[in-house]
There are 2 protein chains.
Amino acid sequence: MISKDLSRKESIQRIGSNLFRKHGYTTTSMQDIASEIGIKPASLYNHIKSKHEILVHLLMQGANLFVDGMQEIKSSSLRSIEKLERLIGLHVHLSVEHTDLMALMMVEWRHLENPEREQYAALRENYEANFRNILVQAMQEGDIREIDTEIALFSILTTLQRFYSWYDKHSDLNSLDLEKHLIQCLLGGIRV
Amino acid sequence: MISKDLSRKESIQRIGSNLFRKHGYTTTSMQDIASEIGIKPASLYNHIKSKHEILVHLLMQGANLFVDGMQEIKSSSLRSIEKLERLIGLHVHLSVEHTDLMALMMVEWRHLENPEREQYAALRENYEANFRNILVQAMQEGDIREIDTEIALFSILTTLQRFYSWYDKHSDLNSLDLEKHLIQCLLGGIRV
DNA sequence: GCATAAAACTAACGATCATTAGTTAGACTT
DNA sequence: AAGTCTAACTAATGATCGTTAGTTTTATGC
């Protein structure tokens, strides 16, 4: 039965993303995942091909969330400085809604092997390049002070990429307030 | 002979830190470390007690670098804003001189078990608390704009903590220039 | 050169783990 | 009720790995 198989497969992936995040990919055993569901490890293979497949699927799913979000913002007709604000909002939103996925994307992608590894790296670099373009353009439009582009990009991206871990300890806070404060902190400083 | 034992032990630790950093703690085998040195895995145990001991030693070593650095800056008679600049310099310096250690401290501490885990966490939290104090004090001294302390602290600390990975791709750049740019980027924005 | 200790080696153990093969129970279709 | 398919189970395999025991080689001090 298709629908039941899908939901079981999805629950394997959801539980996998949570355990991978909490204990790391290699440290998490199929036993761990299975017992969390309440079945035997061998039974997992009725739904998935391998442990590695779970990781690959989760990472690609996460990457696509960023690809889609970037595409929408990039192709909008906003000023570049506003695009930057939207990008911050995207990261906050994804960190809040997909915390486990974000953690995996930062930490566990090293377990990818080619060709997935290169594919993932390409998506990441593409995202970074788009981010850089928007930052540079905001500078050219005069909305941002003249600073070292690479360092500023690194600082902003790193803060956004690790935001999920900070949010973990402050998940009582309002998502919109967080976005506002983050915009003020990351852009307020470099705005002209 | 003591001195030769020490240097072999130290080389195990140095190679361990490099491999742990490149491939992760669990993925790195004693075989990997041994063959990098040119001996058999079992021979490692003439110099160390366990694989885990290597990790613990490296993490504590790294943590102490920060404890010492913080102690010196904290007890100086500088203005708080200058202390912040010194802290940025400390991170740049440690990232450049101990890149592998910095990577381990960010990623592999999760493999610690109690009591080392709590001990490490305590050092980290203590460092963070000192950083927060200096930031708040700089605000009270009027050298920094009124912004959300927690978000600003998170943003600055995260950027500094991950700087090692950025430096990895830009290791041709002058350490002093990097420090200057980072100060401008992290503090220039929030300065009054 | 001889004694001693450090540090290498070989061999093996025990545990864990991802995965496969083969089997059984249960649910839905006809 | 019979037949079919899904998804669970048991059992086993092969591989890896950290570590230990016991032995041999190498280097050092006298």
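**Note on a predicted two-chain model**

1. In this predicted model, 100% of the interface residues of chain A are also interface residues in chain B, so the copies meet through the same surface. The contact involves 33 residues of chain A and 33 residues of chain B.

2. How much area do chain A and chain B bury between them? The figure is about 2,600 Å², and 62% of it lies on carbon and sulfur atoms. On the side of chain A, Arg110(A), Ile151(A) and Phe154(A) together supply 25% of the area that this chain buries against chain B, which is more than any other three residues supply.

3. Where elements of chain A give two or more residues to the side that touches chain B, they are helix H1 (2-23), helix H7 (149-161), helix H8 (163-169) and helix H9 (175-186). Of these contributions, the largest share comes from H7(A), with seven residues. Sorted by class, the side of chain A that touches chain B holds 12 nonpolar, 12 polar and nine charged residues.

4. Arg110(A), already named for its part in the buried area, also forms a salt bridge with Glu108(B), and the closest N and O atoms of this pair are 3.9 Å apart. A careful reader may wish to set that distance beside the cut-off, because a salt bridge is counted when a side-chain nitrogen of Lys or Arg lies within 4 Å of a carboxyl oxygen of Asp or Glu.

5. Looking at chain A by itself, the secondary structure comes to nine helices and zero strands, and the C-alpha trace spans about 60 × 40 × 30 Å along its principal axes. Of the 192 residues of chain A, 47% count as buried. Among the contacts in chain A with a separation of 6 or more, 70% are accounted for by residues 24 or more positions apart.

6. Is His91(A) buried or exposed? This residue, which has its place in helix H4 (residues 80-97) of chain A, has a relative accessible area of 2% and is therefore buried, given that buried means under 20%. Leaving aside residues up to four places away in sequence, His91(A) touches Phe66(A), Tyr127(A), Phe131(A), Leu157(A), Leu160(A) and Gln161(A).

7. His52(A) is found in helix H3 (residues 51-74) of chain A and is partly exposed, with a relative accessible area of 24%. Not counting residues up to four places away in sequence, His52(A) touches Tyr25(A), His111(A), Leu112(A) and Glu113(A). With Glu113(A) the separation can be given in two ways, for His52(A) and Glu113(A) are 61 residues apart in sequence and 9.7 Å apart in space, C-alpha to C-alpha.

Methods
Residues numbered from 1 in each chain as written. Chains lettered and ligands numbered in written order. Predicted model: local features only at pLDDT ≥ 70, side-chain atom pairs only at ≥ 80, totals over all residues. Heavy atoms only, no water. Contact = heavy atoms within 4.5 Å. Buried area = accessible area lost by both parts, 1.4 Å probe. Helix = DSSP H or I, 4+ residues; strand = E, 2+ residues; numbered from the N terminus. Nonpolar A, V, L, I, M, F, W, Y, C, P; charged D, E, K, R; others polar. Buried < 20%, exposed > 50% of the residue type's maximum accessible area, 1.4 Å probe, protein only.
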